[in-house]
Amino acid sequence: MRISPLIKHCWIFITDRCQLDCDYCFFRTKTRTKTLTEGQVRQLFGLLKDVRKIEFVISGGEPLLQWDLVASLIRGIGRRHPKSFILLQSNMILMTPEKIRFLRKHRVLLEPGIDGLAETTAKHRQGTSLHRHRKICENVKMAVGAGMEVFPTMTVHPHDTSAMTANFKFLAAMNVSRIDVHPAFLAPWTADSARDFIERYRRLAAFSRSTSLKTKLCPCYSRPMAFGHDLVVLPSGDILPNWTFLTFPPKIRDKFFIMKLDDDHVLFHASRYRDLLGRYMDLFKKKGVSYREFSNFNAALAMRQWGRRCATEGFRHYRDICRAVKTIDRSLL
Ligand code: SF4
């Protein structure tokens, strides 16, 4: 079997090691010991040889804990997929001027994990002391100053919607290129917190449109997406078709593995992969499906198997937020 040539994003979770323990981290099942091998990376490149343009997202855990592997991956992508984007997600604690020089030379985009002011960031990203928050901000400014494209995903927890504007302005003051303001996935959203998020997001969008600040609110996950799916490569070599599956317990998540990379071959879970491709084809018969809707479609598949009442209710409100954000993005941004 071969992969669909219509892969949108290839997320490479090169390691599940991380210095932090964020309460909304969607990589819920980190062993904090696993790292992708060079052999598995070679198999991944073989798998992608017929895919022309693709957005690579290098993630973890914290990828900078495996810098040598990150650097060799970036060089390999540059040689084999010169037209593709590379985005590096990092908590920025271990960023240095040398790494920034290398990333800039290879035209890598940077997505730092910071949710705004120290208070909010430390509350949900356990392990972020005041000292670390200062260091993260210094490193973000250093990357911006070096001319890199830097765009944080500002994750908003349902208990912290009231701080959205202050956090957005704090990040914007660092002159980052754009900010993706995202509701925390599988968090305990209620009707009230969802309503509050939507109202504040609407105001942020209006502010972003009218301000002369360089930083804008990012509407990218609301844009229509053509038929396709993700390849989400875990440090174990297992591959999922979308990131949302990572948030579910292993007994649910594992039902959605579509491939596995070993050091010397790729194993396809063929019938499962065909079944999902058929479902995606049906989904994309609708016009204007966005990446968020594609992700929520996958999450709903997993949610049906999981059947937890509280989580299902939170997810319903989360989807209401995503629908409203799409309307706001399309009308205001
Ligand atoms: S820094 Fe990233 S990988 Fe580490 S726990 Fe937080 S969200 Fe997860």
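1. The crossing of α7 and α11 is right-handed, where a crossing is called right-handed if the near helix is turned clockwise from the far one, and left-handed if anticlockwise, by less than a right angle. This is a predicted model, in which local features need pLDDT of at least 70 and side-chain atom pairs count only at pLDDT 80 or more, whereas totals for chains, interfaces and linings use all residues. Residues are numbered from 1 along each chain as its sequence is written.

2. Helix α7 covers residues 191-210, and it packs against α11 at an angle of about 15 degrees, with the two axes 10 Å apart. Helices (H or I, at least four residues) and strands (E, at least two) are DSSP runs numbered from the N terminus, and axes are lines fitted to C-alpha atoms, for helices over the stretch in contact, with angles that run from 0 to 180 degrees between N-to-C directions. The helices α7 and α11 are therefore roughly parallel to each other, a term for angles under 35 degrees, while over 145 is roughly antiparallel, 65 to 115 roughly perpendicular and the rest oblique.

3. On the α7 side, the contact with α11 is made by residues including F197, I198 and Y201, and on the α11 side by residues including I321, V325 and I328; two residues are in contact if their C-beta atoms, placed from the backbone, lie within 7 Å. By class, this contact of α7 with α11 has 12 nonpolar, 1 polar and 3 charged residues, where Ala, Val, Leu, Ile, Met, Phe, Trp, Tyr, Cys and Pro count as nonpolar, Asp, Glu, Lys and Arg as charged, and the others, Gly among them, as polar.

4. Helix α6 (residues 164-172) also packs with α7, at an angle of about 35 degrees and with axes 10 Å apart, and α6 passes α7 in a right-handed crossing. The contact joins M164, T165 and F168 of α6 to R200, R203 and L204 of α7, and its residues divide into 3 nonpolar, 1 polar and 2 charged.

5. Most residues other than glycine have a negative phi. N175, in the loop between α6 and β8 (178-183), has a positive phi near 65 degrees, and L186, in the loop between β8 and α7, has a positive phi of about 55 degrees.

6. The limits are 20 or more other C-beta atoms within 10 Å for buried, 12 or fewer for exposed, and in between for partly exposed, with C-beta atoms placed from the backbone.

7. C310 lies in α11, which spans residues 309-332, and C310 is exposed because 8 other C-beta atoms lie within 10 Å. The C-alpha atoms of C310 and L186 are separated by 9.7 Å, although the two residues are 124 apart along the chain.

8. V51 sits in the loop between α1 (38-47) and β3 (55-59) and is partly exposed, with 19 other C-beta atoms within 10 Å. Leaving aside neighbours within four places in sequence, V51 is in contact with P5 and I7.
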